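Let's take a walk through a protein together, one stop at a time. Keep the picture beside you and look up each place as we reach it.

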Amino acid sequence: MTVAVVSVSKYKSKSEELFERAKKVIPGGVNSPVRAFEPHPFFTKSAKGSKITDEDGRIYTDYCMAYGSLIFGHSHPEVIEAIRQQLEAGSLYGTPTQKEVELAELITKTVSCMQMVRLANSGAEATMHAIRTARAFTRRDKIVKFEGCYHGAHDYVLVQAGSGATTFGTATSAGIPEDTIKNTIVLPFNDVEALEDAITRHAREVAAVIIEPVMGNAGLILPSDGYLHTVRRITEEKGIVLIFDEVITGFRLALGGAQQLFGIMPDMACLSKILGGGFPLAAFGGKREIMENISPRGKVYQAGTYSGNPISVTAALTTLKLLERRADRIYSGLADLGLRMSKGLKDLISDRGVGAQVNSLSSMFQIFFTDKRVVDYASAKTSDTKKFLTYFKHLLDQGVFVPPSQFETCFISAAHAPEDVDATLDSMDSALSKLR
Ligand SMILES: *Cc1c(COP(=O)(O)O)cnc(C)c1O
């Protein structure tokens, strides 16, 4: 009997083929830059719970979770069933619906700074409109943002913005007029003195300070003790609108987000990722006196054809109700899994003598390949991104999918089991063993 010997490398995987086709018709082959990695990303066919399956039939344990969107994991059956029922009744009306009112009531009940809320379709839209509203309210133009904080891909905030921008070395995007960003003051995170200086110099010009209360777009970076309270005090003293960008932290760190966890009341907040329950939806909101400036009640124009569409709203309503009903169990469970992961990873690092740091908070974590403690963008940037990519690829080979950038955050969902975490730690150990 003869056995045909063929070189495996002659055969392209389906993902490889799809990436080649994609690159011809989609810039870089992807619809959001961070999804691209060398030699090619895997193309997903389906996903369920904590697992994602690619076009070649490989299964991965997923710690990207659509960049933190899927707190219940992929395809939660109750969300899918609610969507199925809503589809029978139509997907887009161009008129208000009862469910929008219910969702707004639920959001304002859970997120304490939001006395009123407006729905939009993406996190970028939410921050853009929150900033416009704050400018109208204060009648000032300048905003303060922090190095490495990402608030979406729009002009005013695409300045030293972390994640995709950091990975691809375009701290400021091409195509943004200097005139646009001259009103954006960029400061280091966790640096009270820098903030006090800037605010003293520009007090009467600054409309808003926008901040990720816990940074998730330059890797994971935590606020130092008391920092957020100081930011709140300084902005309050000067009549500056404090906007918490809770697009990642909202419904993740607690039902009421980072503002609940840290006990701080910002003036406005932005929500999106988890809020959408796997569908495109965002929200911005805040104090009544600020939000009442929005059209048609006030003079700030903000609109969207798909805003508040019944499909996304149904997904959001179902997700938030599930979270609310089981909040105690869900958030303590996520914290336990997060601790199991971060503690395990720290042990591996010290056992293997790898120069790396782990930052973690509840279900969020990231490893940084640096000897420095990572407390801001500058220290995050000391990381060895080559090492990270080697680590990333070894994990991928073993069926573990973490976001393909040193400057992203890993997320655990309620669909992950302790066994998932333990198996992943074994894979991480093997990946780290290849790095020395
Ligand atoms: C993802 C993200 C955004 C942008 O949301 P999109 O829906 O991608 O526009 C804004 N702010 C933060 C903190 C984010 O993580």
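Our first stop is Gly-226, which sits in the loop between β7 (206–211) and α9 (227–237). Labels such as these come from DSSP runs numbered from the N terminus, where a helix is a run of H or I with at least four residues and a strand is a run of E with at least two. Gly-226 has a relative accessibility of 39% and counts as partly exposed. That term covers the range between buried, which is under 20% relative accessible area, and exposed, which is over 50% (1.4 Å probe, protein chains only). From Gly-226 to Lys-346 there are 120 residues along the chain, and their C-alpha atoms are separated by 25 Å.

A word on what you are looking at: this is a predicted model, in which local features need pLDDT of at least 70 and side-chain atom pairs count only at pLDDT 80 or more, while totals for chains, interfaces and linings use all residues. Residues are numbered from 1 along each chain as its sequence is written, and side-chain values use heavy atoms, with hydrogens and water left out.

Now find the ligand. Which residues surround it? They are Ser-122, Gly-123, Ala-124, Tyr-150, His-151, Gly-152, Glu-212, Asn-217, Asp-245, Val-247, Ile-248 and Lys-273. Here, a residue is near a molecule if one of its heavy atoms lies within 4 Å of it. This shell is made up of four nonpolar, five polar and three charged residues. In this sorting, Ala, Val, Leu, Ile, Met, Phe, Trp, Tyr, Cys and Pro are nonpolar, Asp, Glu, Lys and Arg are charged, and the others, Gly among them, are polar.

Some of these neighbors make polar contacts, meaning pairs of N or O atoms within 3.5 Å; within protein, one atom must be able to donate a hydrogen and the other to accept it, and residues adjacent in sequence count only if both atoms are side-chain atoms. The side chain of Lys-273 has an N or O atom 2.6 Å from an oxygen atom of the ligand. Ala-124 uses a backbone N or O atom instead, 2.8 Å from a ligand oxygen. At Tyr-150, a backbone N or O atom lies 3.1 Å from a nitrogen atom of the ligand. How much of the ligand's accessible area does the protein cover? On its own the ligand has 380 Å², and the protein covers 83% of that; such areas come from the Shrake-Rupley method with a 1.4 Å probe, and for residues only the protein chains shown count as cover.

Next, look for the largest nonpolar core, which has 60 residues. A nonpolar core is a set of buried Ala, Val, Leu, Ile, Met, Phe, Trp, Tyr and Cys residues joined through side-chain atoms within 4.5 Å. Among those with the most contacts inside this core are Leu-103, Phe-146 and Leu-323. Helix α12 (residues 310–325) gives the core its largest share, eight residues. Why does the core lie between two domains? Domain 1 (14–75 + 331–433) and domain 2 (77–322) both give residues to it, so it lies between them; the bounds come from an automatic or database domain assignment.

The side chain of Thr-409 reaches two backbone oxygens, that of Gly-216 at 3.1 Å and that of Gly-219 at 3.4 Å. Ala-126, in helix α5 (residues 123–138), is also buried at 0%. By contrast, Asp-328 in helix α13 (residues 327–352) is exposed at 71%.

Finally, a look at the backbone. Most residues other than glycine have a negative phi, and most peptide bonds are trans. The bond from Glu-38 to Pro-39 is cis, with omega near -5°, and the bond from Ser-295 to Pro-296 is cis too, with omega near 10°. Ala-66, in helix α2 (residues 65–68), has a positive phi near 50°. Ser-362 has a positive phi near 50° as well, in the loop between β11 (357–361) and β12 (364–368).
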